[in-house]
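Here is a friendly walk through some helix packing and a charged pair. Have the model open beside you as you read.

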Amino acid sequence: MSDRTRPPRGPARPRRELADIGPLEQLRAGRLAPRLTLLLLGLFLYGASMALVVRSVLGLIPWDVLHVGIQQHVPLTFGTIVVGTSVLVLLAWIPLRQKPGLGTLANAFLIGPSADLVLAVVPQTDHLGWRTLLLLGGILLNGVATGMYIGSQFGPGPRDGLMTGLARVSGRSIRLVRTVLEVSVVAVGWLLGGIVGVGTVLYAVLIGPLAQLFLPIFTVELPPRSRAA
């Protein structure tokens, strides 16, 4: 079909973008009701996705390899260890001069309890088919939840902020910093007794494309004034 006969296209829809704004601006940016709903639901689903992958016993999300490894040596629940690790990661933000937002703090303190809640409801199974469904469903749900809580425009989670802060200070790429961080936590977690398996590899391969797919869908568009700030 030539340009003369091709039907005219409508105006392209503007692409939703994440605003680079500080904690106070995040609260003043407007649309608080849908954004808070998206944040809280996304964090609950993120914790739920972690629990599903844990129950699959086919390999863990990289940071959860560390969490489960620590759990082998202390009398604490999985969720409690997730919260404790998040607090320690937030302390590492201080020398990096990273500024936490409401979403950062909510991430640190809500994901662990939601994971414990779902672990108490979903039983462990020896059936390989169910375990495979738990793994794949958990990874897919993690991608959805990542798009939701980041798309709420309340700032990154503790581990994401650590990654971006290290990349900024070191001058290295996000890809390199994330790879080094996740390889390091997997190695330490495995030495402590965490589970590394096909699920760990699948998550590493799939989470990037899944997050890229769902983030534009769930990102809440802020007024132009907020984006400019």
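## Terms and model

A residue is called buried under 20% relative accessible area, exposed over 50%, and partly exposed in between, using a 1.4 Å probe and protein chains only. This is a predicted model, in which local features need pLDDT of at least 70, side-chain atom pairs count only at pLDDT 80 or more, and totals for chains, interfaces and linings use all residues. Residues are numbered from 1 along each chain as its sequence is written, and side-chain values use heavy atoms, leaving out hydrogens and water.

## The salt bridge

The structure holds one salt bridge, a term for a side-chain nitrogen of Lys or Arg within 4 Å of a carboxyl oxygen of Asp or Glu. The partners are Arg178 and Glu182, whose closest N and O atoms are 3.1 Å apart. Both sit in helix H8 (residues 174-192), four residues apart, or about one turn of the helix. Helices here are DSSP runs of H or I with at least four residues, numbered from the N terminus.

How accessible are the two partners? Arg178 is partly exposed at 31% relative accessible area, whereas Glu182 is buried at 17%.

## Helices H2 and H6

Axes are lines fitted to C-alpha atoms, for helices over the stretch in contact, and angles between N-to-C directions run from 0 to 180 degrees. The axes of H2 (residues 32-56) and H6 (residues 128-151) come within 7 Å and cross at roughly 160°. The two helices are therefore roughly antiparallel, the word used for angles over 145 degrees. Their crossing is left-handed, meaning that the near helix is turned anticlockwise from the far one by less than a right angle; clockwise would be right-handed. By class, their contact has 16 nonpolar, eight polar and two charged residues.

Leu40 belongs to H2 and is partly exposed, with 46% relative accessibility.

## Helices H4 and H5

Now find H4 (residues 78-96) and H5 (residues 102-121), which pack at about 165° with axes 7 Å apart. That makes H4 roughly antiparallel to H5. Which hand does the crossing of H4 and H5 have? H4 passes H5 in a right-handed crossing.

Contact means heavy atoms within 4.5 Å. On the H4 side, the contact residues include Phe78, Val83, Leu90 and Trp93; on the H5 side, Leu105, Phe109, Pro113 and Asp116 are among them.

Terms used: Parallel < 35°, antiparallel > 145°, perpendicular 65-115°, else oblique. Nonpolar A, V, L, I, M, F, W, Y, C, P; charged D, E, K, R; others polar.
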